[in-house]
Amino acid sequence: MHGDPLYLEPGLEPPLSSLLESPAFLHTLVDALGSPLNVLLPDRIAENIERFRSVLRRHRLAGQVFFAHKANGSSALVRRLAATDAAVDVASLGELQHALGSGFTPDRIVATGPKDPQFRWLAVLTGVTVSADGQGELEDIATLVRKHALPRVRVLLRLSDFGASGIKVLSRQSRFGTSVRGLDRLLDAVERLRDAVEPTGVAYHLDTTSLDEKALALEGCLHAMNELRRRGFEPRAIDTGGGYGVNYLAHGAQWDRYTTELALAVLGRRPPLTWGGHGYGLHAANGTLRGALSLYPAHRPVAGPAYLDTLLSTPAPSLGRPLGTLLLENLYDLYIEPGRALADQCGLSLARVQEVRGTESGDHHLIRLGMTASDVSLEEHGVLMDPLLLPRDGAPPEPGGPVGVYLTGSLCLEADLITRRMVHLPRLPRPGDLLAFANTAGYCMDFNATRAQRQPLARTVAVHRDAGTWQWRLDDEYWPINCHGGHEQ
Amino acid sequence: MRYDSITDAIGNTPLIRIDPAVHGLRNIDLYAKLEMLNPFGSVKDRAAWNMARPGLPGARERGETLVELSSGNTAKALAVIAGMHDLSFKSVTNRMRVPEIKELLLLLGAEIEELPGRTECLDPTDTDDPLTRFHQELTRPGSAHLHTDQYFNALNTEAHETGTGPEILADLDGRAPDWFIACVGTAGSSTGVARVLRDHDPAVRVVGLVGQKSDFIPGIRNTDEVHEVGLFDPATYDTIEPVGSGEAIDGMLTLVRRCGILAGPTGGAAYFGTVRHLRPLDTELTGRKTAVFIVCDRMESYLSYVRDRRPELLGRPPLMNSVATLTDAEVRAADIIDTADAQKWIAAERPLVIDLRSPFAYAALHIEGSVNIVDELFDELLRGGLPFSKRQPVLLACPVGEKSARYAALLTRMGHPDVRSLAGGIIAWRDAGATLVRD
């Protein structure tokens, strides 16, 4: 290892922080249920809902918080949410069935994303709100409603491609939604189909961290709502989608230092920090850094509820007043669909250390884990965060200080690297130790998991603390009837 | 001095000695090179003119658009130059961070294109960043663009090698200063000047100043971003030191308030970084030495930059008749009226109904017969006194009844005998099933 260790320590809040202070409990779980293992803290997601709600309250806005189910497939989180006043955003037949089966009533479900006929049928039949991608989908819904004499379906019209005046703000291309330039034709269709669909509002989802693009889209939605009202509809809600983000790291200074060193490594001004000189999107050309860092901004001082607060306080690009004020005085409800931000601090992924191997050069070790890269898809999602080392109980610590290691997976495949970067650990792990990847519940737990080479998928358990001791249940066995609020009933 | 064109007035800027009583250095004469006095307002005038000039006749013939990646002074100078030569100019940027500059560019006739932000859900296969795509588009055959390429164009450095550098030597009676300090943006000015000074005297020491990471000083790059600059060569500088935005504003205040130099925050950063670097060296010195730093632009465009970071510098005394001066007790004592009673009151006494929401919201739906005065305007109106007769009853309405209660309290304090606030606002009115109309 060269120079001081470049740590990227995860930010930990209760109850995740106290769970990590109970290594014996976590070792017992992995002994019984195998490596890898996903551990969820369902009570925390209810707390996260409350944090978003408090931002809505501060802006005097009515509305709803929808959990984007795709961020985590577990039952425990969805069943726990069903016991709050929150709602859920489902993007497949399976997720819709899961939400209904977990206790969400149709008025607390919105169906989004690409829909196959089965998904559309169940959505229309149960009367959930449908976020409709365009005219074609509205017509498909109307056909079902008319043919089966069903009640009118509540729809949100998903819009995209919002233009700006004066300054051209380029936005990333989206596969979804109807361009606002085609709004008139879309609303003509809504009028023709008004016996079958009821437009309760409009929606957008932009995959960007940029507030300016979102402010532009939200203002575009205000104009679209006005157009709906002009045509005699009574729309109530604007759905601003997700993308509120998570602040993964405890220390901004570590992130700043790491990314500076990474750039220097790519320029060849310091020893490599990555497997095979991988640059995470950066490369060097004639001594100049080119490309863009293709990583999640792991240190984000303004994320989650605070990001929503900032968005609502941002002045609308042409109407001038803060967006939250405009929503309020136009009497609109605000729907939000956070995924990652609601799953923040809600779980961790555990893996057993299988093998520790030194290398010829001696500047790093290879640590093989009982998991594959797909089980904890931090690299896939560009989230750089150090795992925590949980030694086997009673074992004296390995002598020696900080080490640089690469974490490899259990597949017989060169590319199965759990980290393509050198991870700095305070000391060398030993076989049998656990590595805990904290805060993986949003997208980094089961989103990419595969059964390649017939390797088992991780089991998932839900845990809660009861009278000072940790209790656990298999995800399937979790219901919020006897294990929330921290005490048995 | 008489010129045929404003571009002839670029360069030959003064070198001003900073009063030792201000900087406190005992053995060093400190000079500021006032690049802010270039005709379009900044050091970038030199580079913009030098880069654009050779291509202008051809660009005009082919009807090309002048293009640059800039969110500041280079864009400003190029916009003026393009306008003078009947060309259009497009500025492409990763977000304009100073709103005044954005408006200034629009006023000068520039077109602004903002690149998209980063994705929230990372697509690792998308290694193509917006900037790479921008360059590909410009170099495509048939592209009608004249790209000045300030971060890579050697003509940028040349402007300072033939202009700024020799001017400094001449003004110091043919001697190079012992230190030269500059903020690093495109690295054009620091590289060009450093080259001339070193050729003259290899002993000159060059200090580059960059922004602290995760901080922002207009026009200069931070610790990491300098590596993305083609003209940047670490060997140009004996040392590179970071400056924070707070320090930049401190430096700016010293220049503005004590030296009569109306510099912007970047010039302030240069002054602050210079004095910080020289102070410990100064105490060791025995003979006289000289140092030169660059003041790159003016303060006027950065009021919002200062307001965001040091609001107290732009503070004003409290206003007359302001809701901000109301006590909680006054607000609680405001007369509020619920929807049902308000409907009866409107029918019986025809109070003036004032809707405090924005015109956009009012136009969509409002209480029939109401007048729209948006809260910001109403606020200004009240500073002058009561805008209606005391015999005219008034009902105030806002979205949820909070703002209207405050204004009702204020009007009561101003002596109005019958002003009421709609309880729960227009939302409660709607939820009670009362009629809202649009015209």
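**Figure 1. Contacts between domain 1 and domain 3 of chain A in the predicted model.** In this view, 10 residues of domain 1 of chain A touch 6 residues of domain 3 of chain A. On the domain 1 side, Leu384(A), Tyr406(A) and Arg420(A) lose the most area to domain 3 of chain A, and together they make up 50% of what that side buries. The area buried between domain 1 and domain 3 of chain A is about 830 Å², with carbon and sulfur atoms giving 66% of that area.

**Figure 2. Polar and charged features of the interface of domain 1 and domain 3 of chain A.** Between domain 1 and domain 3 of chain A, 5 residue pairs are in polar contact. The side of domain 1 that touches domain 3 has 5 nonpolar, 2 polar and 3 charged residues. Across this interface, 0 salt bridges are found.

**Figure 3. Domain division of chain A.** Domain 1 covers residues 16-41 + 345-477, domain 2 covers 42-245 + 301-336, and domain 3 covers 252-291. The C-alpha centres of domain 1 and domain 3 of chain A are 26 Å apart.

Figure 4. A polar atom of the Lys214(A) side chain lies 3.3 Å from the backbone oxygen of Thr208(A). Leaving aside neighbours within four places in sequence, Lys214(A) is in contact with Thr208(A) and also with Tyr204(A), Leu206(A), Gly242(A), Gly243(A), Tyr307(A) and Leu311(A).

Technical notes: Residues numbered from 1 in each chain as written. Chains lettered and ligands numbered in written order. Predicted model: local features only at pLDDT ≥ 70, side-chain atom pairs only at ≥ 80, totals over all residues. Heavy atoms only, no water. Polar contact = N/O pair within 3.5 Å; in protein donor to acceptor, adjacent residues only side chain to side chain. Contact = heavy atoms within 4.5 Å. Domains from an automatic or database assignment. Buried area = accessible area lost by both parts, 1.4 Å probe. Salt bridge = Lys/Arg side-chain N within 4 Å of Asp/Glu carboxyl O. Nonpolar A, V, L, I, M, F, W, Y, C, P; charged D, E, K, R; others polar.
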